[in-house]
Amino acid sequence: MTRKILLLTQGHTNPHTAKTASSVIRYRPEEAVALLDNTQAGKTSGDLLGVGDKPVVSTFDEAPGCDTLLIGIAPPGGSIPKEWRPIVLEAMARGMNVVSGLHDFFTDDAEFSAAAAKHGVELTDVRKNNVRCIALRQGLDESTLRIHTVGHDCSIGKMTAALEIEAGLRRRGHDSQFIATGQTGIMVSGAGLPIDCVTADFISGATESLILENQKHKILVVEGQGSLVHPAYSGVTLGLLHGCSPHGLIFCYEYGRTEVAGYPGRKLPPVPEFIKICESMANQMQPSQTIGVVINARTASDDELERERDAMQSATGLPVVDVFRNGVEELVDAVEKLQQSRS
């Protein structure tokens, strides 16, 4: 039975923080009913997030029939805002299940667990796991092509690029599979592992396990996380990169972003230089090459996007697209070309 989801974004309904809500609306539109944010009531998801036309409501009563409250934000550190606790408790009192991708596990919270038991509802912590396996570098099927999205910072579209490219491959009849490695990707696809919540020794092993489980498919498109130069999350990025051992990389970046978000003065390397960094790290495991570039051009005009595409194509010699405004056909072509070169 299809869930009826109310997305909680109270006070944080913006494209950066509410990326989980944005993705659920884009990829699970039949389940997403509305967003709950009394500071933005009367607007729509299209107005605030640039996706869909779901209403923003101020109370539960304005979204009747919802059976699930989904935490729609992915804040740094993954903690629930304190002012949200009464909202979550009210949802459970109304008989709603609660789904969270935060690092603070609701099932470990005594107040939330007691409320869930009292009202007979389910708490789901998407990030909660007990993965305990190291990478062994055994059993990898080299006839399965592995593509991995990497990028220059967090929240710039690595998951979206992976989803769109994999969908483009399926449209052409390829036996492909999206591999979710973060909470939002798991919520959208229904499978995967939250790599940023795996004990450090087991990050590469957890990623490798996803490859081994899915290599019955001919092409795997693995969602990226973080950035190799991020002060907080570079370890996750490197463990994921080595664990999936990609044959091809898709580099993602946001137009106009020159510094690591949240770290003023921490400059990002130029894209061509950053591509070399990613390739160097990937090649520690096996030969890997960058085959395309994705621009998150949400802040760019059409003219600015085309100038940026031309400049980046000249600088890298690679196909460069915004996956929504230019489509993914050039990237799908690049994946097919790489697959053919390995046959």
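UniProt positions are given here in the numbering used for this structure, and such annotations may be inferred rather than shown by experiment. With that in mind, welcome to this predicted model. An unreviewed UniProt entry annotates residues 39-128 as "domain: D-glutamate N-acetyltransferase-like N-terminal".

**The annotated span**

- His242 belongs to helix α8, which runs over residues 234-244.
- Its relative accessible area is 18%, and because buried means under 20%, His242 counts as buried.
- The side chain of His242 comes to 2.9 Å from the backbone oxygen of Met281.
- Leaving aside residues up to four places away in sequence, His242 is in contact with Arg137, Ser204, Met281, Gln284 and Met285.

**Two loop residues with positive phi**

- Arg137, one of the residues touched by His242, sits in the loop between β6 (123-125) and β7 (145-151).
- Arg137 is not a glycine, yet it has a positive phi of about 60 degrees.
- With a relative accessible area of 36%, Arg137 is partly exposed.
- Ser155 lies in the loop that links β7 and α5 (158-171).
- Ser155 also has a positive phi, of about 55 degrees, although it is not a glycine.
- The relative accessibility of Ser155 is 24%, so this residue is partly exposed.

**Helix α10, face by face**

- Helix α10 covers residues 302-316, 15 residues in total.
- From first C-alpha to last, α10 reaches 21 Å, close to the 21 Å expected at 1.5 Å a residue.
- Which residues of α10 are buried? They are Leu305, Glu308, Arg309 and Met312.
- Viewed down the axis of α10, these buried residues fall within an arc of 105 degrees, so they line one face of the helix.
- An α-helix has 3.6 residues a turn, so residues three or four places apart point the same way.
- Asp303, Arg307 and Ser314 are exposed residues on the face of α10 turned away from the buried side.
- The cover over the buried residues of α10 includes the strands β10 (248-254), β11 (289-296) and β12 (320-321).
- Helices α9 (271-282) and α11 (329-341) are also among the elements that cover them.
- Just after α10 comes Gly317, with a positive phi of about 70 degrees.

Conventions. Residues numbered from 1 in each chain as written. Predicted model: local features only at pLDDT ≥ 70, side-chain atom pairs only at ≥ 80, totals over all residues. Heavy atoms only, no water. Helix = DSSP H or I, 4+ residues; strand = E, 2+ residues; numbered from the N terminus. Buried < 20%, exposed > 50% of the residue type's maximum accessible area, 1.4 Å probe, protein only. Polar contact = N/O pair within 3.5 Å; in protein donor to acceptor, adjacent residues only side chain to side chain. Contact = heavy atoms within 4.5 Å. Expected span 1.5 Å × (residues − 1). Arc of directions from axis to C-beta.
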